[in-house]
Amino acid sequence: MPKVGRAGTAAPAKPKKRAAPRRKAQTVPVRGGKLINWLAARLRAVRYRAGHALRLGGIGIAALVVLAVAGLAALGRLPEVGAALHAGLDARLARSGFAVSSIDIAGARQVGAETIAEAIGADPAHSLLAIDPAEARARVEAISWVERASVARLWPDRVAVVLTERVPFALWQQEGYHRVIDRSGVVISDADPRAYADLPRVVGEGANDPAAEIVDLLARQGEIAALVTHAVRVGERRWNLRLAAGGDILLPENDPASALALLATLHGERRVLDLDAQAFDLRTEGELVIRAWPDRAAAARGRGA
């Protein structure tokens, strides 16, 4: 039978319980905080002491190095020690694959590869460190055929050499010897004069330096040039031109180009250079004086000419 309650006879309400008062939040201290702070302080102290020790160590090592270098310098052994260190490093590099294995050469026609290799000091037993580009360039440019050069190390094992060679320009005769010179008058001592017998010839002390001047003048007067065997430097200040017939053309010190142009005009009009004369003197501006051979002049005077 279901449970039935009576109307109007409800059970009295139970008294409400009073809510318990709230507790205030309390701060709980972190466990081990003092230990962490202590460890951090200790770590900072260790770092500071380590940094200080490193600085002192570096200063000490630097001082020792300075003292060692000063001592070696005082004893005069610094170059020797430096050379030994350099040689040791060079040998180690050579064993490690940095030895010179090839040389790339550009611009060489007269100079052989072996000559260049010897000049730059290339040696398979040494590394590229043993080659100083500036010193190697100076040695290459000391070769008489070389006008200028550049040398570069191509790590790990190659050397590049670029040359500009001198071009034979004329033969310079002095004291009975012939030498090949370039346009600037520099002697190419390694060139054989017999191989350049067809070059223009200049003769006399100091004739090599201004050789280009007279060679260029004759190149502009082809008809006269065909009659000239060589040019003679007189007093290192002017030129005489020796003719194949034996006479001389005496050019002035100043403006030899105009004098030669005058002679070319007179020869073109009157064939003056066909005369059998000892000298065609152009040293006076605007004039040509022709002097006969002395013996022929005397013979002419004897004939009452």
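Trainee: Is Glu 175 buried or exposed?
Mentor: Glu 175 counts as exposed, because its relative accessibility is 70% and the cut-off for exposed is over 50%. Keep in mind that this is a predicted model.

Trainee: Where does Glu 175 sit?
Mentor: In the loop between β4 (170-174) and β5.

Trainee: What is phi for Asp 255?
Mentor: Phi of Asp 255 is also near 55 degrees, again positive in a residue that is not glycine. Asp 255 is in the loop between β9 (248-250) and α7.

Trainee: And how exposed is Asp 255?
Mentor: Partly exposed, because its relative accessible area is 46%. Partly exposed covers the range between the buried cut-off of 20% and the exposed cut-off of 50%.

Trainee: Which residues does the cis peptide bond join?
Mentor: Trp 155 and Pro 156, with omega at about 15 degrees. Pro 156 belongs to the loop between β2 and β3.

Trainee: Moving on to the sheet with those strands. What is the strand order?
Mentor: The order is β1-β3-β2, an open sheet of three strands with mixed pairing. β1 (102-106) and β2 (146-154) are the edge strands; each has a single partner strand, so one side of each has no neighbour in the sheet. On average, neighbouring strands here are turned by 20 degrees against each other, ignoring direction.

Trainee: In what sense do β1 and β3 pair?
Mentor: Parallel, over five bridges, with β3 covering residues 158-165. As one example, Asp 104 has Ala 160 in β3 as its bridge partner.

Trainee: Which helix lies across β2 and β3?
Mentor: Helix α4, residues 133-141. The helix runs at about 150 degrees to β2.

Trainee: Switching to α5. Which of its residues are buried?
Mentor: Helix α5 spans residues 211-220, and the buried ones are Ala 211, Ala 212, Ile 214, Val 215, Leu 217 and Leu 218.

Trainee: What covers the buried residues of α5?
Mentor: The cover includes strands β5 (177-181), β6 (201-203), β7 (228-234) and β8 (238-243). Helices α6 (222-225) and α7 (256-270) are also part of the cover.

Trainee: Now the surface. Which residues make the nonpolar patch?
Mentor: Ile 61, Val 65, Val 69 and Leu 78 make a nonpolar surface patch of about 330 Å². Helix α1 (residues 33-75) supplies the largest share of it, three residues.

Trainee: Take Ile 61: buried or exposed?
Mentor: Ile 61 lies in helix α1. Ile 61 counts as exposed because its relative accessibility is 55%.

Note on methods:
Residues are numbered from 1 along each chain as its sequence is written. This is a predicted model: local features need pLDDT of at least 70, side-chain atom pairs count only at pLDDT 80 or more; totals for chains, interfaces and linings use all residues. Side-chain values use heavy atoms; hydrogens and water are left out. Patches are made of residues with over 30% relative accessible area and no salt bridge: like charges are joined within 9 Å, nonpolar side chains (Val, Leu, Ile, Met, Phe, Trp, Tyr) within 5 Å. Accessible areas come from the Shrake-Rupley method with a 1.4 Å probe; for residues, only the protein chains shown count as cover. A salt bridge is a side-chain nitrogen of Lys or Arg within 4 Å of a carboxyl oxygen of Asp or Glu. Helices (H or I, at least four residues) and strands (E, at least two) are DSSP runs, numbered from the N terminus. Buried means under 20% relative accessible area, exposed over 50%, partly exposed in between (1.4 Å probe, protein chains only). Contact means heavy atoms within 4.5 Å. Two strands pair if DSSP finds at least two bridges between them. Axes are lines fitted to C-alpha atoms, for helices over the stretch in contact, and angles run from 0 to 180 degrees between N-to-C directions.
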